[in-house]
Amino acid sequence: MRTIQDLNLCDDFLFHEVMKDESLAISLLEVVLDLKGKIKKLVYLEGEKTIKESYSGKGVRLDVYVEDESLVVYNVEIQQRPHKAIGKRSREYQSSMDMRSLKKGRDYDKLNKQYVIFICCFDPFGKALHRYTFSNLCHEDHALSLGDEALKVFLNTKGTADDVTPELREFLAFVEDSTMERAKKTGNPFLLALAERIEQIKEDEEIGGFFMTFEQKLRELQRETREETQEEDAFNYARKMKAKGYPLADIQELTGLSEEEIQAL
């Protein structure tokens, strides 16, 4: 089992812990979105109690969800592995953010400007860019924006194009190798601050305990998911065999299902 010492920023637990530091979260958003000096303060929309419960409970989704003083909402997530429907996943995040705003009693025309940001440890669109930014534009006239103020940003740690600032390229490399040694090689003040905070987190025994609990719950959830998938596969296989007229004994032997379960299909 992994320990907290094994983690880099590409691990959502460590990323989430680091982003609790408001100054680092602000610096990250400014680097990612080219907003240097434009974000003065952030409000965390999920409380500390909720965060700690996510470590000990069954839920393991750790997002950074914040709002700045201009009421712009930012949702940031680390995505370690390719997701076949990552575009639709970003749509789910946008919908959730809109629902939260509407619950506060705002009219549609008062919906917050929002950024959904995925930091991907793979190239989500295969174009070798470090950053892919999407907004809703008219197909017939790309100069015409829908004006919904919703932007989706996908960062790619594997990018090779000359498309972003050196600071953002250095940050994306640091995501997968989050060491003080790498930070010192760059001399980048933001990365040095990140590396220092990471060292503090890894030395904190309480946070280390939270991680061990989190890792255990994650393993349990993964095991439950595998078991549910295997069970579902067994039922599907039995259903096909039954439809083809296989003897009941053969279906039982090959799927591990009981006679009652097979008869009920």
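Predicted model: local features only at pLDDT ≥ 70, side-chain atom pairs only at ≥ 80, totals over all residues.
Contact means heavy atoms within 4.5 Å. Axes are lines fitted to C-alpha atoms, for helices over the stretch in contact, and angles run from 0 to 180 degrees between N-to-C directions. Helices (H or I, at least four residues) and strands (E, at least two) are DSSP runs, numbered from the N terminus.

The six strands form an open sheet with mixed pairing, in the order E1-E2-E3-E4-E6-E5. Strands pair if DSSP finds at least two bridges between them. E1 (42-44) and E5 (131-134) stand at the edges with a single partner strand each, so one side of each has no neighbour in the sheet. On average, neighbouring strands are turned by 20° against each other, direction ignored. E1 and E2 (residues 64-68) run antiparallel and are joined by three bridges. Tyr44 stands opposite Val66 in E2.

H2 (residues 22-33) also meets H7 (residues 189-203); their axes come within 11 Å and cross at roughly 140°. The two helices are therefore oblique to each other (under 35 degrees is roughly parallel, over 145 roughly antiparallel, 65 to 115 roughly perpendicular, the rest oblique). Leu24, Ser27, Leu28 and Val31 of H2 meet Phe190, Ala193, Leu194 and Arg197 of H7.

Residues are numbered from 1 along each chain as its sequence is written. Local features need pLDDT of at least 70, side-chain atom pairs count only at pLDDT 80 or more, totals for chains, interfaces and linings use all residues, and side-chain values use heavy atoms, without hydrogens and water.
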